[in-house]
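Please walk me through this model, from its overall makeup to single residues and side-chain pairs.

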Amino acid sequence: MVETDKSIYSLVLSDSVVEAVDIMARSAGLSRSAMINQLLAERVAYITPEMRLRDILAALQNSMNGEFYLTEQSSGSTLSCRSTLKYRYKPTIRYSVEIYSRGERKAGELRVAFRTRNAELIEDLTGFFSCWAALEQKYIAASLNRNIVYTIENGRFSRTLSMPSESITDEELGMAVADYMAMFDGVMKRFFAELPDVSAAASAAEEGYAHEIIRQSVII
């Protein structure tokens, strides 16, 4: 069962209890209402969407390999990390994953960004992002339960995550997202290792993608 609606309730609470709840809420980065909702849910053994998101992101974080360095988590549904690309001055790849719930269907989005104004790097990034999108259309698009939506512009890339229709645990879902990010990061580095030969870079990317996609336990 997935929580889809919320209502306003009046509660009579002691000031000392509210003060303690507020301290917990600030520590957890939650509002007072969200903190009370979480505490009550834990007490009655109810799994809220927020708790599921926390478990998915925890599994995602625990599954990341040594290529990623965690940065500050911006919200309860988003995890951010970074990696380094071997390209002259070693620009930083900034990843952000957002997981959200829509009724009975979970979905999410992966965002990749570079802080650069280097026209050559932006052109090479656009080449890789376009190559990646084409590979996904070739290898996995037909097997997904929804269309993939991409955005590619100025050294930035975003891609919707299509969560599987089959029943999997929150931990398995977090691991699947981590595996997808690792595949993306690895294939990108293979692509850039062959530049400036664009043809060789595209071939290396497809070879890497074809090898890694069969190792993905869940296609998202």
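Where does Pro-196 lie? Pro-196 is in the loop between helix H5 (170–193) and H6, where helices (H or I, at least four residues) and strands (E, at least two) are DSSP runs, numbered from the N terminus. Its peptide bond with Leu-195 is cis, with omega about 15°. Most residues other than glycine have a negative phi, and most peptide bonds are trans. Asn-154 has a positive phi of about 50° although it is not a glycine. This residue lies in the loop between strand E5 (150–153) and E6. Asn-154 has a relative accessible area of 60% and so counts as exposed; buried means under 20% relative accessible area, exposed over 50%, and partly exposed in between (1.4 Å probe, protein chains only).

The model is predicted, so local features need pLDDT of at least 70 and side-chain atom pairs count only at pLDDT 80 or more, while totals for chains, interfaces and linings use all residues. Residues are numbered from 1 along each chain as its sequence is written, and side-chain values use heavy atoms, with hydrogens and water left out. The pLDDT (the predictor's confidence in each residue, from 0 to 100) has a mean of 83 for the protein, and 82% of the residues reach 70 or more. Confidence is lowest in helix H3 (residues 49–63), with a mean of 66, and highest in H6, with 97.

The protein has six helices and six strands. Read from the N terminus, the order of elements is α-α-α-β-β-β-β-α-β-β-α-α. Of the 220 residues, 40% count as buried. A contact means heavy atoms within 4.5 Å; among contacts between residues at least 6 apart in sequence, 53% join residues at least 24 apart. The accessible surface comes to about 12800 Å², and 50% of this belongs to carbon and sulfur atoms. Accessible areas come from the Shrake-Rupley method with a 1.4 Å probe, and for residues only the protein chains shown count as cover.

Next come the charged pairs. Side chains of opposite charge can pair when their charged atoms come close. With a salt bridge taken as a side-chain nitrogen of Lys or Arg within 4 Å of a carboxyl oxygen of Asp or Glu, the count is eight. One of them joins Glu-98 and Arg-111, at 2.7 Å from N to O. Glu-98 belongs to strand E3 (residues 92–102) and Arg-111 to strand E4 (residues 105–113), so this pair ties together parts that are 13 residues apart in sequence. Arg-111 is partly exposed, because its relative accessibility is 30%.

Arg-159 forms a salt bridge with Glu-136, with the closest N and O atoms 3.0 Å apart. Because Arg-159 is in strand E6 (residues 156–162) and Glu-136 in helix H4 (residues 119–139), the pair ties together parts 23 residues apart in sequence. Arg-159 counts as buried at 0% relative accessibility, and Glu-136 counts as buried at 0% as well. Another salt bridge, between the side chains of Lys-138 and Glu-206, has an N to O distance of 2.6 Å. This pair links distant parts of the chain, 68 residues apart, with Lys-138 in helix H4 and Glu-206 in helix H6 (residues 198–213). Lys-138 is exposed, at 57% relative accessible area, whereas Glu-206 is partly exposed, at 25%. Salt bridges that share partners join Glu-98, Glu-109 and Arg-111 into one network.

What does Ser-96 touch, not counting residues up to four places away in sequence? Its contacts are Thr-78, Leu-79, Ser-80, Glu-109, Leu-110 and Arg-111. Ser-96 lies in strand E3 and counts as buried at 15% relative accessibility. From Ser-96 to Arg-111 the separation is 15 residues in sequence and 5.1 Å in space, C-alpha to C-alpha.

Turning to cysteines, a disulfide is a covalent bond between the sulfur atoms of two cysteines. With a disulfide counted as a pair of cysteine sulfur atoms within 2.5 Å, the count is zero. Cys-81 is buried at 2% relative accessibility, and Cys-131 is buried at 15%.
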